[in-house]
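Dear colleague,

Please find the structure below, handed over for your review. My notes on what was found in it follow.

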Amino acid sequence: MSTIDQLPAWPMPRSCPYAPPDEYAGLREEPPLKVRIRGGEAWLVTRHADVRQVLNDHRFSADDQQPGFPIRIQLPPEPGIMSFSRMDDPEHGRQRRMAMTEFTARRTRALRPEVEALVEGLLDELERGPNPVDLVKAYAIRLPSLVIARMLGVPEQDEAAFTEQSQVILSQEASPQVTYAAFVEMSQYLDRLAAERTAHPREDLISRLATRYVASGELTHQELVAMARFFLVAGHETTAHQISLSVLSLLRDPEQLAALRADPSGYKNAVEELLRYWSISQDNQVRAAVEDVDLGGALIRKGDGVIVAIPAANHDESVYPGAARVDIRRDASGHLAFGYGPHLCPGASLARMELEVCLSALFARFPTLRLAVPADDVRFREHTIVYGLEELPVTW
């Protein structure tokens with residue numbers, strides 16, 4: 001039996017920033033294997049079918065209090081820190097049902113005109129501002145920050161502080177002390193905001209949850225704060241980096257971009273393919289086995305940690321032939337960028353709508369948009385659980 005030191009180290013490095021780690025291709029040909037992670041070891045699952053099973057099987061727990069649960073974000077080990085995303089049923093289902101009233105397809109459709117107006121405002125600023133410009137800072141991060149802040153009722157002037165705090169919380173380079181300080185600062189702010197909205201409700205998500213569920217005793221004040229924090233971190237960080245990576249993909253492929261400009265209805269399908277290709281939640285989908293499970297030829301014991309490699313699953317050639325290339329005409333349905341099963345990302349429909357609106361509007365407004373640096377000089381984010389770009393210099 002191998003010692004921990006002899007196990008392959010994980011996360012695994014990328015040899016090319018435009019592709020998942022090279023090792024994933026070979027690992028998909030074998031049963032899941034154990035890898036060495038910070039704090040111990042865990043099983044790494046890479047096949048599309050195996051990943052789906054883990055995410056939809058009650059024998060793999062999402063509760064971060066379970067023995068063996070792989071810790072990716074350096075936060076205090078108290079229950080409920082990550083809201084219902086780190087819970088099992090029935091508590092997960094109880095809180096998720098409350099949250100999902102804010103993320104229905106109907107509410108997303110109702111939000112679209114406001115998102116379109118926010119996008120147009122940001123594009124106006126881009127047009128008036130410097131050229132070249134860093135699209136990450138000026139556009140990709142700002143849009144989802146504005147959207148989720150408006151939904152929660154966070155004043156616009158506090159947007160920059162929340163963006164910075166979220167990045168620190170999700171970083172794998174920051175020390176536990178720095179991560180915790182950002183977490184505390186965000187939590188204290190949301191605690192005050194939730195108390196204010198409970199006492200004086202407005203037309204926002206926190207107010208509606210407080211009026212419906214805190215007032216009735218179904219949700220505690222601390223649960224509301226944790227839920228708002230989860231929405232804020234998850235709701236802007238992932239979408240922001242998916243936007244910048246999607247723009248980069250299309251700028252690197254003039255033929256496919258020209259096809260979208262000729263037929264903007266294709267953006268809906270293109271968004272699904274870009275979500276599949278980048279799979280930016282690269283290593284935050286983790287579970288702990290609560291029973292012995294035979295998974296893809298590996299016997300996973302109760303108490304073992306499990307990591308599901310979303311980029312590996314979404315590049316599984318048995319499901320997506322030619323997976324290493326972006327193909328906006330591909331049927332990318334069934335991709336796992338938003339997870340799968342009972343923990344499917346509650347904001348999936350909102351993220352899809354934001355991506356479709358912001359990409360189509362950007363390329364319509366700036367028909368000559370192009371990279372301001374060679375593609376090889378674009379800087380990618382490293383050592384973070386959400387993949388993305390440090391900056392994207394563009395000109396027009």
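**Aromatic pairs and their surroundings**

Trp-396 has a relative accessible area of 22% and is therefore partly exposed; buried means under 20%, exposed over 50% and partly exposed in between, with a 1.4 Å probe and protein chains only. This is a predicted model, in which local features need pLDDT of at least 70 and side-chain atom pairs count only at pLDDT 80 or more, while totals for chains, interfaces and linings use all residues. Residues are numbered from 1 along each chain as its sequence is written, and side-chain values use heavy atoms, with hydrogens and water left out.

Rings of Phe, Tyr and Trp (its six-membered ring) pair if their centres lie within 6.5 Å; planes under 30 degrees apart count as stacked, over 60 as edge-to-face and the rest as tilted. By this rule there are eleven aromatic pairs. One of them joins Tyr-18 and Trp-278: the ring centres are 6.1 Å apart and the planes stand at 50 degrees, so the pair is tilted. Because Tyr-18 lies in the segment before helix H1 (23–27) and Trp-278 in helix H12 (residues 267–278), the pair ties together parts that are 260 residues apart in sequence. Helices (H or I, at least four residues) and strands (E, at least two) are DSSP runs, numbered from the N terminus. Tyr-18 and Trp-278 are both buried.

The pair of Phe-366 and Trp-396 is also tilted, since the ring centres are 4.6 Å apart and the planes are at 45 degrees. Phe-366 is in the loop between helix H14 (348–365) and strand E9 (370–371), and Trp-396 is in the segment after strand E10 (393–395), so this pair ties together parts that are 30 residues apart in sequence. Phe-366 counts as buried, at 3% relative accessibility.

Tyr-18 and Trp-278 also belong to one aromatic cluster with Tyr-277, Phe-380 and Tyr-387. Over the ring of Tyr-387 sits the charged end of Arg-14, 3.6 Å from the ring centre; for this, NZ of Lys or CZ of Arg must be within 6 Å of the ring centre and within 35 degrees of the ring normal. The charged end of Arg-276 likewise sits over the ring of Tyr-320, 5.4 Å from its centre.

Finally, helix H8 (residues 176–199) has 24 residues, and at 1.5 Å a residue it should span 34 Å, which agrees with the 34 Å between its end C-alpha atoms; the expected span is 1.5 Å times one less than the number of residues. Among the buried residues of H8 are Phe-183, Tyr-189 and Arg-197.

With kind regards
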